Amino acid sequence: MSSSESLLIRRARIVLPNGEFMVGDVLIRDRLIQEVAPEIAGTIVTKEIDAQGLTLLPGVIDPQVHFREPGLEHKEDLFTASCACAKGGVTSFLEMPNTRPLTTTQAALDDKLQRAASKCVVNYGFFIGATAEVLPDLLTAQPTCGIKVFMGSMHGQLLVDQDTVLETIFAQGDRLIAVHAEDQERINQRRQEFAGIHDPAIHSQIQDNQAALLATQKALNLSKKYQRRLHILHMSTAEEAELLRQDKPSWVTAEVTPQHLLLNSSAYQDIGTLAQMNPPLRSPHDNEVLWQALRDGVIDFIATDHAPHTLAEKAQEYPNTPSGMPGVETSLPLMLTAAMQGKCTVAQVANWMSYAVAQGYKIPNKGAIAPGYDADLVLVDLDNYSPVRREDLLTKCGWSPFEGWNLTGWPVITIVGGQIVYEQNRVNTDVRGQALTFSS
């Protein structure tokens, strides 16, 4: 958006920072929200949007995605993924380091930032990956949202399952550590125990609740020992939620995915290996405990863990199938549909998917509809329902575990930096997002 461009959104149902709603107008200039009021009159703008009947939310910040570039672009790339984000109301993302090459150095981080600047239609940030050899750039690489530690469910350089290495990582520096918390030793033992079984449902038994709990306990203990900022990625079990309910220091946060709230191990019967992810889907009881922990603030926000694989890859026989599923296009409608069903409120969804993420990762000027905040916004339709259809998806992998689900809250217009990036089922591929910044 150039300095001469401006945008006025009229008659929207606006989610305010205090969680209340107001029908009114939002004026945007120079990429920023200038004014929010019941009516803004006498202002000359470049473009107006009549948003009557639509709900205006802060743009979603998805704090855990795997967009596969560089090195695995047959599954997804930064352009296709960011277009899928725009369609799903995701205006910013934080991407993980398990690409090829791995994002473990300043040079690899710089390469991703350059790629994103040329390709991404939404805003972007990247994690730096920890390895068994603690590389110097882990503490100095900039800009990064934090350090990603794979405690399990990983092979190669990014697997950090040795206590001495974990201790070293937690003891040095002060940047946020985000952990994939599964205990590799237990996973290895149970893989041997269940060897030869090709039913993908066994995945949830191999990487069981105990494997998750053991690793989360270990990370929490190290965080407390060193007073180190810790974020627990994609929490999946009732046991972990209850652990944090009893013992959660102020510097610890946690997230949950829509699939761990809305799917459970029964999904293997319906969609087979498309339900396979790490950590795995759990029981209906886990679903309910996670929902309660989210509503109570034990779990702080929502991420998708968008991790696409091709249908051909997923069609292999378990355990040769890769774990992961796409999610950026469906996360907001899934959560808003849950809100319409009474599981939460629309204001809570806005908090969990925008403001709380910005607070957790210290991303300035994001996540709220208020003067001075970046104009990253999404207008959604809460009055109509339509199904998730494979042919509508923009993710390169071309499938969703939620195919056929009838959802409301689909984005009608997505705005990034004051520019309309998605409207009338089309992405404006001329828009470019910006690199996110992270305050200390």
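What share of the contacts in the chain with a separation of 6 or more comes from residues 24 or more positions apart? Then go through the salt bridges, pair by pair.

Modeller: Residues 24 or more positions apart account for 73% of those contacts. A contact means heavy atoms within 4.5 Å.

First, the ground rules. This is a predicted model, in which local features need pLDDT of at least 70 and side-chain atom pairs count only at pLDDT 80 or more, while totals for chains, interfaces and linings use all residues. Residues are numbered from 1 along each chain as its sequence is written, and side-chain values use heavy atoms, with hydrogens and water left out.

The chain has 14 helices and 18 strands. Both are DSSP runs numbered from the N terminus: helices are H or I with at least four residues, strands are E with at least two. The radius of gyration is 21 Å, close to the 22 Å of the globule rule for 440 residues, so the chain is as compact as a globular protein of that length. That radius is taken over C-alpha atoms, and the rule is 2.2 Å times the number of residues to the power 0.38. The C-alpha trace spans about 70 × 45 × 45 Å along its principal axes. Of the 440 residues, 61% are buried. Buried means under 20% relative accessible area, exposed means over 50%, and partly exposed lies in between (1.4 Å probe, protein chains only).

Next, the charges. The chain carries 36 positive and 51 negative charges, and their mean positions are 1 Å apart. Lys and Arg count as positive, Asp and Glu as negative; His and the chain ends are not counted. Each charge is placed at NZ of Lys, CZ of Arg, CG of Asp or CD of Glu.

To the salt bridges themselves. The structure holds 24 of them. Each is a side-chain nitrogen of Lys or Arg within 4 Å of a carboxyl oxygen of Asp or Glu. Side chains of opposite charge can pair when their charged atoms come close.

Start with aspartate 208 and arginine 190. Their side chains meet at 3.4 Å, N to O. This pair links distant parts of the chain, 18 residues apart. Aspartate 208 sits in the loop between helix H6 (203–206) and helix H7 (209–226), whereas arginine 190 belongs to helix H5 (residues 184–193). Aspartate 208 is buried, at 10% relative accessible area. Arginine 190 also counts as buried, at 15%.

Helix H7 has a residue worth a stop here. Leucine 220 lies in that helix and is buried, at 2% relative accessibility. Leaving aside neighbours within four places in sequence, leucine 220 touches Leu230, Leu243, Leu244, Asp247, Pro249 and Val252. Take leucine 243 from that list: 23 residues from leucine 220 in sequence, it lies 9.6 Å away in space, C-alpha to C-alpha.

Helix H8 holds the next pair. Glutamate 242 bridges to arginine 245, with the closest N and O atoms 3.7 Å apart. Both are in H8 (residues 238–246), 3 residues apart, about one turn of the helix. Glutamate 242 is partly exposed, at 35% relative accessibility. Arginine 245 is partly exposed too, at 33%.

Some bridges join up. Glu69, Glu73, Asp111, Arg115 and Lys119 are linked in a network of salt bridges.

For contrast, here is an enclosed helix. In H13 (residues 331–340), 9 of the 10 residues are buried, so the helix is largely enclosed by the rest of the structure. The buried set includes Leu332, Leu334, Met335 and Leu336. Glycine 342 follows H13, with a positive phi near 90°.

Valine 134 is found between strand S9 (128–129) and helix H3 (137–140). Valine 134 is partly exposed, at 31% relative accessible area. Beyond neighbours within four places in sequence, valine 134 contacts Val165, Thr168, Ile169 and Gln172.
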